[in-house]
Structures are given as structure tokens and as C-alpha cells.
Amino acid sequence: MTEPSGETPPEAAAPPADTQGATSASPGASDTPGPAHDEGTAGPDAGEEATAGAESAEDAESAESAEDAESAESAESAESAEDAESAEDAEDAEDAEDASEGDGGTTAAAPAPGDGTTAETPASGEGTAAELSDAQAELAAQRELRARIEQRKAERAAPVEAGGKLSGTAADLLAAVRAVESGAQPVAPPRPEVPAPSRPMPAAAPEATVRPPAPAAPVVTEETTSSVRQVLARGGAPEALAGQVAAVLGEGAARALDDDPWQLLAVPGVRPEQADGFARALLGSACGPGDERRAVALTAWLLEQAALKGHTALEIGSVRDALARLSVPEPEKAVEHAVSEAAVLVFQEEDPEDTGDTGDTEEDEDAGQAEAPVAEERPQLPVLLGLERYALAEESLADGLARLIRTVEAADWEGPELVRAAGTHGLVLHTGGEAARAEPAALAEAARERGLRVALAAHTDRDGAVPVAALLSGAAGPGRDEEGLLALDLLVVLDAPQLDVETAALLVEALPDGCRLVLGGDPLVLGAAGPGRVFADLLAARVAPAIASRTPDPGPIGELVSGIGIGELNQVEAPGKEVVIVPVRDAGEAVHRTVQLVADSIPRALGLPADSTQVITVGHGGAAGTRALNAALKQRLNPGPGRFGGYDPGDRVAHSPAPGRTVPGTVVSADAEGLHLDCAGERVVVPKERVEGALRHGWALTAHQAAGARWPAAVVVLPGDAAAGLSRAWVYTAFGRAERHLSVVHGVDQALPRAVAEGLTPERTTRLRPLIEALLHEEEA
């Protein structure tokens, strides 16, 4: 690939653009100066003007996959907020999407944890807990909590109640937090033996697929919605929120909102300042920043915002700091009250290396003191706060993985290293790039030849794999046995980094004892759209064999992407125009050149039709975000009035059938049922009421939406205002979506090589690693 000369390429001189005339070079080699832009930033801070009607964070694609929606207006505004999907239930809002798209999962709204404050330990809870020391109370409380979670898991058929008050456990948890912060060291009592699992292996797959019953959708009556609308009107909030409020808070929504106006924060997109204004209108002088109801709602809201960025928990100090910035007068007491109300849970995982009982006798201790210096004190694990839904998911996932590891019957399988490891272990991890996907696929085929029941699953339906969502729903894949477990002996999952903790927990819970699980993927790509970092946590825990592929990604694109993975943006030789750099001065030119590339240059130079090219950009908002790009591409490629909710037959769309999953499709027609799509040959009907929330135009996607899929050609758009949203993982993921051709519309100047060299993605705060380590340590002990 040649070094750019800095001259304007032929495409810039006169349309139509031509790929052969564009500058071919390393993306970081362009000497076109990066322009300063006035357009809205598409990076982490985009869409932050909530009271001005800009988009705000909802449950994102998790924070990034599915789609965003316009945020609710402030409580004083009369404008309505649009329905939006949450990261686990629908789509992301622009600021959360852009934040995550920009850095692959930025740190949560709360800052780095503070030092915490030392507090006196209150009297303990009930029964024998009152006789325990502070340190013992911590461990006892943790075990009580886990027992409660196990009980809740056993009652999963019934709806999980949230917000019910804790009993003595809450007091023990609070006492434990104070004990930890005051410097007390926990002393672990003897660990109970881990009972052997008793679930039998399924004898054979059923002849027909047994599909689990679909969860019943909450029924919201018109009476409830009408009552909520009246409360919203009294508080000056948009009445259009009534449906969302009723769906979130249930049949008693109007009364709940009247009693506690800050419950409005449970609606995706509502900001604290909007809820405060609503509360002032309803409560008048009785409303203040120190209101306990406000403290509880804000604590839960902070953890929900953290979940949008991939965290399943936050350190307690960071939550207190964030509450202080939200004008909560006593953050420590606010956190304690939120825990006592069961709005959040508190955790401190046990260090598996510190059992509290070394087994040494008094004589041994005396001898040890004479022979060796005192061992250096290990750092204390942090105290975390989390929401119950993610606590349940991580506990369940850790239990399920430990069960698979314990119950497998080792067998000698001949073949490559991955095959041999899968024969002897219940859990195997496989890492590698796009070309390495063939290795776990070959393992699955070899296992079938051995007569095993095998399924190959992935984030999307490429490479002959079944989408994970379809496998779980029963729409595809093997049947289920009488216990509702998948009739499998081996499950191979590609794109494992895209598994969020809740999806992974459901998947592992559905596997029978003795089933082998192989998780494969590229650890350098952007993480899951939803909360958690399952694949990274398991690699870090070292609880299973990790087989690293030695198969490199081929061609100039593979060479470029491999360099990015180690922090180097190298020039590559691209004699066949595999990589092309298109310098631009501003966002408007970026949109113009992108349309030229998709509609004219790539089809003419490479013979690839426009529908074989995917445009990828940093976020949904901004002058060169997905909205602006999709509007321009539709006008050029499929102009029309948008008769069906803004769509016309022939439009490319991004359908979000499940949280964190984007399925490309094309609009076929529309009728009374809804919008009819063709998604990779499968006919899908999106009901009219779901069109706005589950669809967006799909000529341009974000990198999180594109993760797990590939196209013959990709155009990555980097306008100047996207610089703040770039990271190494983002560039690695976006560039790696191209199979044959990659065009980079480059307007960020040196921000691109800087992001590749220095733009590391902040780690997500999760609990899976210490949980799985502790479980397996118990077994070894």
C-alpha cells in the first residue's frame, strides 16, 4: 500500500468516486489535517443535553447493540419521549450507545472508587448472627445471601419480586460493609462440602423440538394507563410516558408513582433532573434532595446506568461519590438505606486463597515463625453493590460452569490440541481471529462423527451456526429432554465475547450434566452489548484449558487487523485495492464520500453490489452517525416516502429481535400485521407497534451492532467528531468486518493511530471470576 501524498484524490475532485483513484495507504498515514467540527460529538458524551430534548441513555444495545431512542423531555417539558428498547429488553439511547461505541464500554457514571469512610458496626440482625464478630458476620451474611439466591433460582417459575424489604440479612450485610471498611479481616468458617450434582444425562434427543413456553407479556389495562397519565399530568411530565410507566411499574403504577415520584427513574431514558422536577411538582415543600425515596431510586439508577456500560456491579465508594455529585447529602446512609430496602445488594467475594484455616497446629505455627518471615498481607477484595438480576445471573452462571467442569467423563480424543482438550474437559476456551473460527467448527463436525449430539451456535447465523437466541428459544437447534435441558453432548459457541452474563447463564443452565462446552472467539473485539464480560473473566480465572489458535487472518485486511490487535497501525501492501483510505475534511464530506463509495466506486471497481457493502460508524447521532448516513444512503439507493412507519419495500434494515442482537434484513412489504422482512432468507413480521422500537435503517451500523458478522466490503466512517469515541477494540472490530475490501473514510487525522496505540478499553466490573474461582477452590479443598 502506498504512502499518501497529501494531494486530493480523484474522487474528491469530481464525482462519481472511484475506488481505484482513492489513496491506498495505512489509515494512520494520512497527512490530511484533522478538522475541528461543530457537529454533535458521536463519542461518549454525545446526546447529554437531556433537558434540551437530546437523546439520553436507556438500556442500550446494551449499551450498544439494538438501538437508541430519543430521551424523555424534562419534567417541565410538555414534549413526549419516544419508546425505546433497553439493552436487555429493547434498544439503546444515543448517549449510552455512543459512549459504549466509542470506547467499547466506558467506565460507569460513577467515578473511580473513593477511600470509603470508617463507620461503627451496628448491632447485628436476628438469632445467632448477633453473637458473631463483625468479620464473621460478613461471611455469614454472604452465605445467607447465596442461599437466598439459590432458593430464588429454584422458584424461577414464579415471577421474581424486586424491591421487597430484607430481614435480618440486610442488617448483617450493612454490618459487614462497615466491618470491612474499618479494616477488620474476615475469618472464614469451615466450608461445607459441595454436593455432587444429581441431574441425569438425557437418554436421547426427542424426535421433535420441545420449545420452552414463551414468557407471558405483562398485561397493562387501559384503566392503569389512564390513571398513570393523570399522575404524570399533575407532575408536569409528558403523558406519552404513561404506557412505559405502566409497563415498568405494573398494575399499581399510578399509586406507586404518586407515593414515590422518583420511581419515574425506572423508565428508560428518564434522567435524575427530570425525576426531581416531577417530584417537586407532586410533593411541593415535602420534596428535598435528602429524601430517602430519592436516595433509593438514584442508587438503583446509577447501577442501571453502569449496566449499560457493561458492569454487573460497582465498587461501593464509586456509588457514594456519584450520589454526592447528585446532591444526596449523606451518601453513606443513602447506600445503607438502599440495601435495607432491597433495591440493591452488597457483596464482598471471598478470596479463594484465604480460607481462614490453614490447618496448622500450634507447634507448626511456632516453627513457622522461627523459619520464615510473616507472609505479605494480600489485598482485600472490594465491597461491591449490584442489582439482583445480575447477581442471580452471575451466581447461576458460576454454578453451572462448575457443574459442567465437575461432571464430564474424560475421554481420549485423537486430533489437534483443541479436540484433545475437549475430550478431557467439561469447559474449554478457544481464542483466535476470524480464520480461527474454522477450528471449533471442525471440532463440532468431528464430534458428530463420533456419534455425539452436537450443536454449533454463534452470535449470528453465519458459518452454519445456529444463533444463540434461536437455540435458547427452541426456534432452532436440538430438542429438549423431559427436564427442559438441551439434548446435547457438546455445545460449541462461536463469538463467545458477545455473550452477556444473562444470556450465558441461560445457556449454561440449559445444558445437562456431562455436556462439554467449548467457548470460542476473539478476545480483542468489542465486548458484549449487555452487562458482563463472560469470556474475558473465564480466560482470566484460568479454570479451563485455553487453546490459542495459530491460524492468522489472511490477506492485507488480516495483516492490518492483526497489527491493530497489538497496538500497531501498519502500512500494508494492497495490490488489489483491498484497503483504501479516503481522506475527508468534515462530516458533510464524509457522508458524501460514503454514499459515492457504496453506490458507485466499490460496485464499479470490485464488482460488488451495494447490498454487499456495510457502512460502520462510531454512533447513531452526530452529523455522520448512522441516522445521517442511513438517510443519505436511502435517498440514493432506495428513495421513497417511507409509507410504512418510515420504511419502503427494498430498504435495508437492522432488526433487533432480542436484546443485544442485530439481524440485517430487507423490507419486503407491509400490511395490517406489520412490516414483512427478509432476513437471510427467513421471513419475519414485525408488528406495527414494534416497528419504531425494533427497527432502524441498516445501510449503516455501529461497530457493536456489526460485531459477530462480516460482509464482502465494509466502509468505516471516521469523521473528525468521532475521535473521542475511538479505541483499539473499536477499530479492531470495525476494520475486521470486511472480508474482501475495506474503505476508511478518514477525517480524524492522528486520533486514529493514537487510539490504536493507546486507546485501551476500560475493564468492566463483574463478579464472575471470583465466584467461579471460589466454587472450584471449594471442590479442591
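Q: Which residues line the second largest cavity?
A: In this predicted model, whose residues are numbered from 1 along each chain as its sequence is written, local features need pLDDT of at least 70 and side-chain atom pairs count only at pLDDT 80 or more, while totals for chains, interfaces and linings use all residues. Side-chain values use heavy atoms, with hydrogens and water left out. The lining consists of Leu-397, Leu-401, Leu-499, Ala-504, Leu-507, Val-508, Leu-517, Leu-519, Val-534 and Leu-538; a residue counts as lining if it has an atom within 4 Å of a cavity point.

Q: Which elements give two or more residues to the lining of the second largest cavity?
A: They are helix H13 (388-407), helix H17 (501-509), S8 and helix H18 (534-541). H17 has the largest share, three residues. Helices (H or I, at least four residues) and strands (E, at least two) are DSSP runs, numbered from the N terminus.

Q: What makes the residues of this lining nonpolar, polar or charged?
A: Ala, Val, Leu, Ile, Met, Phe, Trp, Tyr, Cys and Pro count as nonpolar, Asp, Glu, Lys and Arg as charged, and the others, Gly among them, as polar. For the second largest cavity, the division is ten nonpolar, no polar and no charged.

Q: What makes a space a cavity, and how many of 30 Å³ or more are there?
A: A cavity is a set of points, on a 1 Å grid over the protein atoms alone, where a 1.4 Å probe fits but cannot get out. The structure holds six of 30 Å³ or more.

Q: What is the make-up of the lining of the largest cavity?
A: Its residues divide into six nonpolar, eight polar and six charged.

Q: Why are H20 and H21 called oblique to each other?
A: The axes of helix H20 (residues 587-606) and helix H21 (residues 626-637) come within 10 Å and cross at roughly 45 degrees. Axes are lines fitted to C-alpha atoms, for helices over the stretch in contact, with angles from 0 to 180 degrees between N-to-C directions. Under 35 degrees is roughly parallel, over 145 roughly antiparallel, 65 to 115 roughly perpendicular and the rest oblique. H20 and H21 are therefore oblique.

Q: Which residues make the contact between H20 and H21?
A: H20 contributes Val-591, Thr-594, Val-595, Val-598, Ala-599 and Asp-600, and H21 contributes Ala-628, Leu-629, Ala-632, Leu-633, Arg-636 and Leu-637. Contact means heavy atoms within 4.5 Å. By class, nine of these residues are nonpolar, one is polar and two are charged.

Q: Why is H14 called oblique to H15?
A: Helix H14 (residues 417-424) and helix H15 (residues 438-449) pack at about 55 degrees, with axes 10 Å apart. That angle makes H14 oblique to H15. Leu-418, Val-419 and Ala-422 of H14 meet Glu-439, Pro-440 and Leu-443 of H15, giving five nonpolar, no polar and one charged residues.

Q: What makes a crossing right-handed or left-handed?
A: A crossing is left-handed if the near helix is turned anticlockwise from the far one by less than a right angle, and right-handed if clockwise. H20 and H21 cross right-handed, and H14 passes H15 in a right-handed crossing.

Methods
1 Å grid on protein atoms, 1.4 Å probe; cavity = no way out; pocket = protein on both sides within 12 Å on 5 of 7 lines; lining within 4 Å. Points joined across faces, edges and corners; volume = space filled by probe spheres on them.
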